Amino acid sequence: MSGAQVSGSGARRQHRRRPDRARRAGFDALRAVNAEGAYANLVLPALLRERGLTGRDAAFATELLAGTCRWQGTYDVIISAAAGRSLGEFQPAVLDLLRLGAHQILSMRVPIPAAVAASVDLAAATVGERVTGVINAVLRRVSDRSRDAWFDELSKGLDDHDRLALRTAHPRWIVDAYADLLEPPELEQALAANNRAPDISLAIRPGLAAVSDLLHAGAHPSQFSPFGARWRGDPADLQLIRDGRAGVQDEGSQLVTWALTKPSAHSGWWLDVCAGPGGKSALLEGLARLDGSRLLASDLAPHRASLVASAVRAYRAGDLTPAVVVADGTRPAWRADAFTRVLVDVPCSGLGALRRRPESRWRRGVADVEQLHPLQLALLASAIDSAAPGGIVGYVTCSPHRRETTDVLSETLAGRSDVEVIPAAQLLPEVPDAALGTYLQLWPHRHETDAMFAGYLRKTRSH
């Protein structure tokens, strides 16, 4: 009896299909994201290159990982309901297998039998034969309903914001933060926009390349930025990217950087605080040179300062070497009242870049926003102190959350009499529906950019 059982088990293992490489890459990347805190947009491209996956396989793995990360919280609710048990009862790797399978069944054009069978094969190859029964049973229950039918079933008894959280795959606290700024139905449109993967946005280095160079290479013009273009494919395929005469930078990031250079100010030294990874610095470096000014780029983290140095590397061919330093923006290594323009892009929750960083929505909470608030206040105060009288200060953050945006500025302005607000709408008149009072708030659903916020101040006198 036991011999027959062993023989039968061995036969099943012998006939088990080897997982396809795209799904295996998606699983390995998801484990790195959930078990090791890796970033999906960084870990998968490295895996694809390492394993030689291109074309349709690479596209499948990309959608599998990004989509699973994006909808993970909603899939967890569905999986728990389908399994009839809490998520804590599943081994973490098994839960990731179920999430990947759920995404194929509910959101990809994968036939249900193929999605279930492929998930079972992947489970056997990665975790072991003992979990294949669970994978098979739970995914078959998941496939009993469409995604919309699951939403209808699981939304019963929920309030409006909890329903939106489930249907748009956002934690409730993010829905509440967006609702603080947007009315229905725009609230749902904004949340839904976070679930659409954007095109890659490129920016030229002023003085080293023109947008026409990108267009001739096959890119498409940006909607608002005079420095940008949109690209579908691997940016490394472009010679302009490889030699540093252009880089990857969201159009919203380009716009808030460009706006800093719009108000009149004397030529002189410009400062980029918290400069890493360097997209804004590279744009400012070129614009400063065209203005007859110089840029000092600073970051507290040495590895981020190295990224800045790489971003501005193409400017080394000129007479002036870009100035990049490692320094704490809250304890400046430079004298006060020294810079004619100061950009401070503060550390934030990243709520404005959820479409590019699909896993980040599940990693942050209200406590993280509150923890960053004192640092944001300190960095803005230091940036103002660093500006010369008559100089321009740009406060920028990739978040629409009030605690990271208008609250920081209102608290700062309440304690200072040496700055005045420059209405942001007049700086970028070509960008519609971007004014948030006297400040600037971009949105993916309105502008097809990250949800960048910016406030611009002019220093009126020494503090």
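User: Quick one to start: which strand is Val-342 found in?
Analyst: Val-342 sits in strand β8, which covers residues 339–345. Keep in mind that this is a predicted model.

User: Okay, and is Val-342 buried or exposed?
Analyst: Val-342 counts as buried, because its relative accessibility is 0%.

User: Which residues is Val-342 in contact with, leaving aside neighbours within four places in sequence?
Analyst: Here's the list: Leu-260, Leu-271, Val-273, Ala-383, Ser-386, Ala-387, Ile-392, Val-393 and Gly-394.

User: And what separates the C-alpha atoms of Val-342 and Val-142?
Analyst: There are 53 Å between those two C-alpha atoms, and the residues are 200 apart along the chain.

User: Switching to aromatics. How many aromatic pairs does the structure hold?
Analyst: Seven. One of them is Trp-71 with Phe-151, a stacked pair with 6.2 Å centre to centre and 20° between the planes.

User: Which parts does that pair tie together?
Analyst: Trp-71 belongs to helix α4 (residues 55–83) and Phe-151 to helix α8 (residues 147–154), so the pair links parts that are 80 residues apart in sequence. Both Trp-71 and Phe-151 are buried.

User: Which residues form one aromatic cluster with Trp-71?
Analyst: Tyr-75 and Phe-151 form one cluster with Trp-71.

User: What charged end sits over the ring of Trp-71?
Analyst: That's Arg-147, whose charged end is 4.2 Å from the ring centre of Trp-71. There's also Arg-145, which lies over the face of Trp-150 at 4.8 Å from the ring centre.

User: On to the strands. How many residues of β6 are buried?
Analyst: Five of the six residues in β6 (residues 294–299) are buried, so the strand is largely enclosed by the rest of the structure.

User: What joins β5 to β6?
Analyst: Four bridges do, and the two strands run parallel, with β5 covering residues 269–273.

User: Through which helix does the chain cross from β5 to β6?
Analyst: The chain goes through helix α15 (residues 279–291), making a right-handed β-α-β crossover.

User: How many bridges pair β6 and β7?
Analyst: Four bridges, in the parallel sense, with β7 at residues 323–326. Ala-297 stands opposite Val-324 of β7.

User: What order does the open sheet of four strands have?
Analyst: The order is β2-β3-β1-β4, with antiparallel pairing. β2 (220–221) and β4 (246–248) are at the edges with a single partner strand each, so one side of each has no neighbour in the sheet.

User: Over how many bridges do β2 and β3 pair?
Analyst: Two, in the antiparallel sense, and β3 covers residues 228–231. His-220 has Arg-230 in β3 as its bridge partner.

User: Helices now. Which residues of α10 are buried?
Analyst: In α10 (residues 172–179) the buried residues are Trp-173, Ile-174, Val-175, Ala-177 and Tyr-178. Their cover includes α9 (160–168), α11 (186–193) and α17 (366–386).

User: Last one: where is Asp-337?
Analyst: Asp-337 is in the loop between β7 and β8. Asp-337 has a positive phi of about 60° as well, but is partly exposed, at 27% relative accessible area.

Terms used: Residues are numbered from 1 along each chain as its sequence is written. This is a predicted model: local features need pLDDT of at least 70, side-chain atom pairs count only at pLDDT 80 or more; totals for chains, interfaces and linings use all residues. Side-chain values use heavy atoms; hydrogens and water are left out. Rings of Phe, Tyr and Trp (its six-membered ring) pair if their centres lie within 6.5 Å; planes under 30 degrees apart count as stacked, over 60 as edge-to-face and the rest as tilted. Buried means under 20% relative accessible area, exposed over 50%, partly exposed in between (1.4 Å probe, protein chains only). A charge sits over a ring if NZ of Lys or CZ of Arg is within 6 Å of the ring centre and within 35 degrees of the ring normal. Two strands pair if DSSP finds at least two bridges between them. A crossover is right-handed if, with the strands pointing away from the viewer, the path from the first strand over the helix to the second runs clockwise. Contact means heavy atoms within 4.5 Å.
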